[in-house]
Amino acid sequence: MTNPQRFLPFLLSIIFTLVVSSQSISTIPKNTEILWDTYGIPHIYGKSVQGAFQAFGWAQMQSHGNLLLRLYGQARGRAAEYWGEKYLKSDKWVLTMGVPKRGSAWYADQSPAFRVYLSAFATGINTYAKEHPDLIDDQVEVVLPVTPEDILSHLQRVMLFTFVVDPERVADITDKKSAPGSNGWAIAPKKSASGKAMLLANPHLPWGDLFLWYEAQITAPGIDAYGASLVGIPVLAIAFNDNLGWTHTVNTHDGWDAYKLKLQNNGYLFDGKVRAFETTAFLIKVKQKNGSLREQTFSVQNTVHGPVVPGKDGQLVALRVVGQDRPGVLKQWWDMASAKNLTEFQQALESLQLPMFTVMYADREGHIMHLFNGLVPVRQAGDFAYWQGIIPGDTSQTLWTKIHPYNDLPKVIDPASGWLQNANDPPWTTTFPSPLKADNYPAYMAPRGPMYFRAQRSAKMLAEDENISFQEMVAYKHSTQMELAERILDDLIPVAQKQGDELTRRAADVLAAWDRKADANSRGAVLFNAWVNNIDLDTLFSTPWNEKSPRTTPDGLANPTSAVKALADAAQKVKKVYGKLDIPWGDVFRLQYGNLDLPANGGDGDKGIFRVVNFAPTGDRQFRAIAGDSYVAAVEFSQPLKAMALTSYGNASQPNSTHVADQLQLFVRQQLRPVWRTRQEITDHLEQHKLF
């Protein structure tokens with residue numbers, strides 16, 4: 001007979017486990033979990049990395065399922081087949097750039113482990129859709145099931161063929177503007193009130209479509225990172241962990257060129273010889289209103305430069321874009337989020353998979369860094385301005401084939417100033433005195449200027465405060481001060497008071513009394529904004545921007561009479577439309593998102609406002625926010641780490657979600673919310689729990 005005493009320790013162990021489990025079931029992870037906090041932020045606890053990827057796919061579907069599937073459908077180049085004619089232009093662009101085919105090639109080029117992770121992310125998407133078909137729009141279910149190749153096609157469409165270049169910029173090659181912008185700060189311990197390094201992440205993107213940010217925490221073996229990713233991207237693109245963090249800004253990076261072709265004998269000239277186009281035909285299906293499909297053939301011609309596309313005024317050009325041979329973007333971001341110190345972080349950066357974006361970095365050891373990151377072509381000649389135009393395409397002298405290595409890129413680590421900033425200005429103005437000299441780099445690396453007013457405002461706030469607290473950094477982040485107004489009103493107001501008629505003098509008085517901010521209750525900002533819209537900033541100043549005086553130029557009125565006339569016109573318009581000259585900013589500029597309609601604060605960065613919000617007219621004398629401050633994170637690498645964040649429009653877009661626009665009230669009050677990172681903090685603010 002078996003001795004019962006042999007089983008006593010085992011039975012006691014079981015009883016102890018059951019008691020502990022019953023008391024703290026919410027604090028002991030059994031498997032992969034998602035803990036949703038009360039702001040709809042998913043905190044993912046993965047028993048394995050594969051499990052974390054699957055949970056992240058699930059989470060993105062719960063928050064943004066309709067949008068995610070629509071974006072993946074567009075990345076396939078089949079959106080017109082799914083949803084009709086209005087997507088035909090998008091499909092042609094995606095197919096011309098070879099996105100779906102390259103998506104398959106990129107998947108094959110992933111490491112075996114990362115192929116597993118991408119498959120897991122797709123599984124999370126598909127599993128959610130299968131279990132919750134009632135929560136997904138019928139229109140987008142046609143995209144299911146999602147494949148790993150879809151993820152990489154979407155990544156390409158976002159990174160290479162939206163941020164690096166998009167059809168609108170190709171069509172207007174005379175104005176080779178970059179994608180939407182951002183602010184980023186890194187503050188060293190010597191400049192910090194706490195003696196700890198701080199980081200400010202502040203991208204400015206459109207409030208919808210493929211630009212929408214998704215905030216999350218991912219914890220799995222080897223990683224515990226908090227941050228945000230664009231919807232549909234399976235890793236965090238801006239993030240921090242206990243040891244370090246980074247943010248991105250759109251940099252003055254030129255990663256594409258349009259080549260003018262010399263056509264001859266049904267081909268094109270290149271180095272004195274006629275070459276034949278490589279032609280690929282695609283069968284495109286377009287859904288009609290009655291549900292039927294109309295088929296059409298679409299042909300793409302390729303040259304040694306790249307695909308042929310319509311340029312300005314219908315002129316055909318060949319397009320060359322960096323990054324098409326760099327399939328490791330997601331792994332690089334993952335490695336950045338997994339890094340524990342500056343050495344490991346730079347090892348991740350050295351892979352140079354990310355095609356563009358400034359990297360602004362800070363860590364617990366007190367290091368800060370600004371890297372002008374990107375795939376910069378090695379060009380044989382020409383400065384930055386030269387490569388902004390249409391390039392001769394009949395010679396190999398202009399055809400770049402190599403990329404500058406990591407060590408060639410402008411970077412600043414631990415500057416004497418103790419601070420670094422980027423507000424989409426060239427790297428030479430990241431701090432003062434600047435340790436970077438443009439003369440030491442190829443003339444095509446980045447432009448020599450100017451330093452626009454938002455960047456000047458950014459640098460001014462950092463330079464003038466020798467002891468910045470975490471609370472002050474958050475307050476500076478919300479600054480709506482108009483640096484342009486600070487620069488020009490001392491010249492405009494006196495001449496308007498002398499030269500103007502009665503209404504113009506009243507307008508000058510309003511501007512003199514104005515606080516020079518774009519807060520909701522600021523009176524005079526609407527008038528100043530109308531005046532700026534009446535002038536040409538490029539010809540306004542008597543003293544142009546000078547790289548030797550980057551923070552005090554431009555200055556002075558070049559044509560006072562013209563400036564006063566523009567003010568008179570602006571005053572008449574504002575008086576006619578709004579009935580008074582000093583109408584509060586927030587009465588005109590609104591935050592209309594979801595079911596909310598609130599007074600806005602912030603404005604366009606070209607006026608030198610650090611708190612960027614871009615507006616579009618509504619048709620009823622008001623303007624609504626469409627872009628600008630989207631995701632914000634303020635981090636201090638203290639012990640314990642201190643962090644606050646905000647996703648302006650909320651962390652969901654699904655119509656059934658309560659988190660659409662639920663953070664907008666904080667936005668109005670110029671506040672951030674605390675970041676909950678520990679399991680105890682999360683369970684104290686738990687809204688929902690999902691166990692896989």
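Visitor: Which element gives the largest share of the lining of the largest cavity?

Guide: A cavity is a set of 1 Å grid points, over the protein atoms alone, where a 1.4 Å probe fits but cannot get out; lining residues have an atom within 4 Å of a point. Here the largest share of that lining, 3 residues, comes from α7; helices (H or I, at least four residues) and strands (E, at least two) are DSSP runs, numbered from the N terminus. This is a predicted model, in which local features need pLDDT of at least 70 and side-chain atom pairs pLDDT 80 or more, while totals for chains, interfaces and linings use all residues. Residues are numbered from 1 along each chain as its sequence is written, and side-chain values use heavy atoms, without hydrogens and water.

Visitor: What else lines the largest cavity, and how many cavities does a search of the whole structure find?

Guide: The search finds 2 cavities of 30 Å³ or more. About 160 Å³ lies in the largest cavity, a volume being the space filled by probe spheres set on grid points joined across faces, edges and corners. Its lining has 17 residues, of which Phe163, Trp213, Leu230, His248 and Phe357 lie nearest the centre. Two or more lining residues come from each of α7 (148-164), β4 (198-206) and β8 (244-249).

Visitor: How much space lies in the second largest cavity, and which residues line it?

Guide: The second largest cavity holds about 30 Å³. Leu199, Ala201, Ile238, Ala239, Phe240, Trp246, Tyr631, Ala633 and Val635 form its lining. The elements contributing two or more of these residues are β4, β7 (238-240) and β28 (631-636).

Visitor: In what order do the 4 strands of the open sheet stand?

Guide: Strands of a sheet pair through backbone hydrogen bonds, either parallel or antiparallel. In this model the order is β15-β16-β9-β19, with mixed pairing; two strands pair if DSSP finds at least two bridges between them. At the edges, β15 (308-310) and β19 (391-392) each have a single partner strand, so one side of each is left without a neighbour in the sheet. Strands β9 (256-260) and β16 (316-321) pair in the antiparallel sense over 5 bridges, and Ala258 stands opposite Leu319 in β16.

Methods:
1 Å grid on protein atoms, 1.4 Å probe; cavity = no way out; pocket = protein on both sides within 12 Å on 5 of 7 lines; lining within 4 Å.
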